[in-house]
Amino acid sequence: MTQARLAGRIAVVTGAGNGIGRAVSRAFAAEGAAVLCADIAPDDADLVTRGIVDDGGRAVACQCDVSDSASAKAAVEMAVSEFGALHVVVSNAATFVPITTLADMEEEHWHRTIAVNLTGAFLICKHAIPHLRAAGGGSIILVASQMARVANAGQAAYCATKGALVQLAKGIALDHAGDNIRANTLSPGGTATDRMVARFGDLETAERVWGSKHPMGRLARPEEMAPGAVFLASDDSAFMTGADLLIDGGYAAW
Ligand SMILES: NC(=O)c1ccc[n+]([C@@H]2O[C@H](COP(=O)([O-])OP(=O)(O)OC[C@H]3O[C@@H](n4cnc5c(N)ncnc54)[C@H](O)[C@@H]3O)[C@@H](O)[C@H]2O)c1
């Protein structure tokens, strides 16, 4: 029998209520981790948590807005108080704002994109690092995007935050290698989630319009991102830090 790769690990996953965060939370629990499922939408966080517990895993739900420092800190502290320590952080939450050129972009949409996608990652990491250090080290995974490498019209703010996350992970990697804390980005390509529904109206249209832009000719399923996150969280990637794991069906290879 193979050993669960995250046995004894305790993880916080943000944006855990849907899509990629939900798939990562389930995969972590299936690999033996205890997971704090944090999401701004409490019902979604509850549903994912209940599913994990029903399957025999360990999880707790937490309502959290990652753009709010006190809320991010409370989520991290809840993981430690519920499970006793913290070893893994997946900063996955991202907001969705209308697709538009920069000149037409509402300033509040710019600020919200930065606040959730980038400042949210900073806050969750800032509050988590003392606990990772206390545990003897850990793994931070920032969910970026293929849009960290190539841009897309109408998404300047989103692309800017995703590029910044790659550099943020490198900065954390350098600052905290001495603490045995690794930091990497996981960069999905187009993935069939509610984000795609928000953007294209429905998943069929998303597959046709966006999936076809990927050399593999389709969108990913959220579950296709989870093995990458398990790899980055586990000792299988013990010598990997400051790197970007691109799982994009070849999108950025054009
Ligand atoms: N779906 C894709 O095609 C795709 C491609 C590349 C990168 N990504 C990235 O993957 C990550 C997950 O995307 P997804 O497609 O699963 O999205 P999703 O919209 O399905 O899920 C995002 C989750 O984040 C939560 N959330 C939003 N704002 C929050 C906040 N302020 N605090 C806490 N939680 C918050 C939402 O409630 C939701 O449950 C994001 O970082 C996204 O940028 C997605």
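Asn184 is buried, with a relative accessible area of 0%. Buried here means under 20% relative accessible area (1.4 Å probe, protein chains only). Asn184 belongs to strand 6, residues 181-188. Its side chain reaches the backbone nitrogen of Ala243 at 2.9 Å.

The model is predicted: local features need pLDDT of at least 70, side-chain atom pairs count only at pLDDT 80 or more, and totals for chains, interfaces and linings use all residues. Residues are numbered from 1 along each chain as its sequence is written, and side-chain values use heavy atoms, with hydrogens and water left out.

Now the ligand. Its shell holds 29 residues, and Asp39, Asn92, Tyr158, Thr191 and Thr193 come nearest. A residue is near a molecule if one of its heavy atoms lies within 4 Å of it. The shell divides into 12 nonpolar, 11 polar and 6 charged residues. Helix 1 (19-30), helix 4 (107-134), helix 5 (156-176) and helix 6 (194-200) each supply at least two shell residues. Helix 6 gives the largest share, 3 residues. Helices are DSSP runs (H or I, at least four residues), and strands are E runs of at least two.

The polar contacts below are pairs of N or O atoms within 3.5 Å.

| Residue | Protein atom | Ligand atom | Distance |
|---|---|---|---|
| Ile40 | polar backbone atom | nitrogen | 3.2 Å |
| Asp65 | polar side-chain atom | nitrogen | 2.9 Å |
| Asn92 | polar backbone atom | oxygen | 2.8 Å |

Taken alone, the ligand exposes 830 Å², and the protein buries 93% of that. These areas come from the Shrake-Rupley method with a 1.4 Å probe.

Note on methods
Polar contact = N/O pair within 3.5 Å; in protein donor to acceptor, adjacent residues only side chain to side chain. Nonpolar A, V, L, I, M, F, W, Y, C, P; charged D, E, K, R; others polar. Buried < 20%, exposed > 50% of the residue type's maximum accessible area, 1.4 Å probe, protein only.
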